[in-house]
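Here is a briefing on a two-chain model, covering the interface first and then selected sites within one chain.

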Amino acid sequence: MIRVEQTAKTVDEALELVLSKYKVSKEDITITVVDEGKKGFLGLGTKEAKIIVEIKEESEKRKEKALEFVKEVVSKMGIDAEVTLKEESENLLVNIESPDIGIIIGRRGETLDSLQYLTGLAVNKDSSEWTRVILDASGYRKRREESLIELAKKKAERVKYTRRKLSLEPMNPQERRIIHTALQEDPMVTTFSEGDEPYRRVVIALKK
Amino acid sequence: MKELIEVLAKSLVDNPDQVFVTEKIDGEVIFLELKVADSDMGKVIGKRGRIAKALRTVLKAAANKDRKKAMLEIVG
């Protein structure tokens, strides 16, 4: 938030000055009128108008947009939900809590992933840099991560036992990353991905 | 469903005033037609149809909730 003070003959004039000076639009500011100003008479008792303008920065606009977008889309889906947002190392984390959480998550998180993708596009539409938006629903991402790590370890044991490579079911890039990371430290196996999106899958093989 | 697609499409395109959605209901099936400015087609379709697919996934979830099927067609 940037705070500026401006005086002029009238409030409108002061506002115009701020808008042209900082090249912002009315939607991006909040105005507080400190003094309405007085015209006076024959140069006597004239008082300048004074306003304080708070200009929203791009990062704040993005946060508002992310929250507003998710809230509106979820409500248009006919779902009652509580949507909250927090910032974590440059990323925007939007969490959804709802009695209809299963509908928001979808099969293997496919609805949540689609909502996340669309929110990212909407939030970054007019901005020069890309801010990552991560959507979660009742801690689904964390739970999914834990179960993927468990799956990775179980499958790695199987590879060691049978001495044959095996491929997992198709996963999106984030989920594949979790698998790779989970087995990175394992001295016996190696992992790589094969196939084309959206059917790309992780293969676990014995280290040569 | 019409409003859902409207909200989504309007936040993706450069010309939100040129977003039009029509809805036809035939029993359990909702047919939606999304029309955007020619220059905005890419914004609702995306590379290899990735955006269109995301729109359909969200729409399907919302329709499922009401035990309905929804079809989305995008026209220029």
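**Interface of chains A and B**

Three residue pairs, both members at pLDDT 80 or more, are in polar contact between chain B and chain A. A polar contact is a pair of N or O atoms within 3.5 Å; within protein, one must be able to donate a hydrogen and the other to accept it, and residues adjacent in sequence count only if both atoms are side-chain atoms. Helix H1 (2-12) and helix H3 (50-65) of chain B are the elements that give two or more residues to the side touching chain A. Helices (H or I, at least four residues) and strands (E, at least two) are DSSP runs, numbered from the N terminus.

This is a predicted model, in which local features need pLDDT of at least 70, side-chain atom pairs count only at pLDDT 80 or more, and totals for chains, interfaces and linings use all residues. Residues are numbered from 1 along each chain as its sequence is written, chains are lettered from A and ligands numbered from 1 in the order in which they are written, and side-chain values use heavy atoms, with hydrogens and water left out.

**Interface make-up**

- In contact (heavy atoms within 4.5 Å) are 19 residues of chain B and 19 residues of chain A.
- The two chains bury about 1800 Å² between them, 71% of it on carbon and sulfur atoms. Buried area is the accessible area (1.4 Å probe) that two parts lose on being put together, summed over both.
- In chain B, Val7(B), Val58(B) and Lys65(B) lose the most area to chain A. Together they account for 26% of what that side buries.
- Across this interface the rule finds three salt bridges. A salt bridge is a side-chain nitrogen of Lys or Arg within 4 Å of a carboxyl oxygen of Asp or Glu.
- One salt bridge pairs Glu3(B) with Lys76(A), with the closest N and O atoms 3.0 Å apart. The pair crosses between chains, from helix H1 of chain B to helix H2 of chain A.
- Glu3(B) is partly exposed at 46% relative accessibility. Lys76(A) is partly exposed too, at 27%. Here buried means under 20% relative accessible area, exposed over 50%, and partly exposed in between (1.4 Å probe, protein chains only).

**Salt bridges**

- Over all chains, the structure holds 20 salt bridges.
- Side chains of opposite charge can pair when their charged atoms come close.
- Asp28(A) and Lys61(A) meet through their side chains in a salt bridge of 3.4 Å, N to O. Asp28(A) sits in the loop between helix H1 (11-22) and strand S2 (29-35) of chain A, and Lys61(A) in helix H2 (residues 58-76), so the pair ties together parts 33 residues apart in sequence.
- Asp28(A) counts as buried at 15% relative accessibility. Lys61(A) counts as partly exposed at 31%.
- Arg144(A) and Glu175(A) form a salt bridge of 2.9 Å, N to O. Arg144(A) is in helix H5 (residues 140-162) of chain A and Glu175(A) in helix H6 of chain A, so this pair ties together parts 31 residues apart in sequence.
- Both Arg144(A) and Glu175(A) are buried.
- Lys125(A), Asp126(A), Asp14(B) and Lys43(B) are joined into one network by salt bridges that share partners.

**Sites in chain A**

- Ala182(A) lies in helix H6 (residues 173-183). Ala182(A) is buried, at 18% relative accessible area.
- Not counting residues up to four places away in sequence, Ala182(A) touches Ile149(A), Ala152(A) and Lys153(A).
- Thr191(A) lies in strand S8 (residues 189-194). A polar contact of 2.8 Å joins its side chain to that of His180(A).
- Beyond four places in sequence, the contacts of Thr191(A) include Leu183(A), Val202(A), Val203(A) and Ile204(A).
- Tyr140(A) is in helix H5. Tyr140(A) is buried, with a relative accessible area of 11%.
- Leaving out residues up to four places away in sequence, Tyr140(A) touches Ile105(A), Arg108(A), Gly109(A) and Leu112(A). The C-alpha atoms of Tyr140(A) and Leu112(A) are separated by 9.5 Å.
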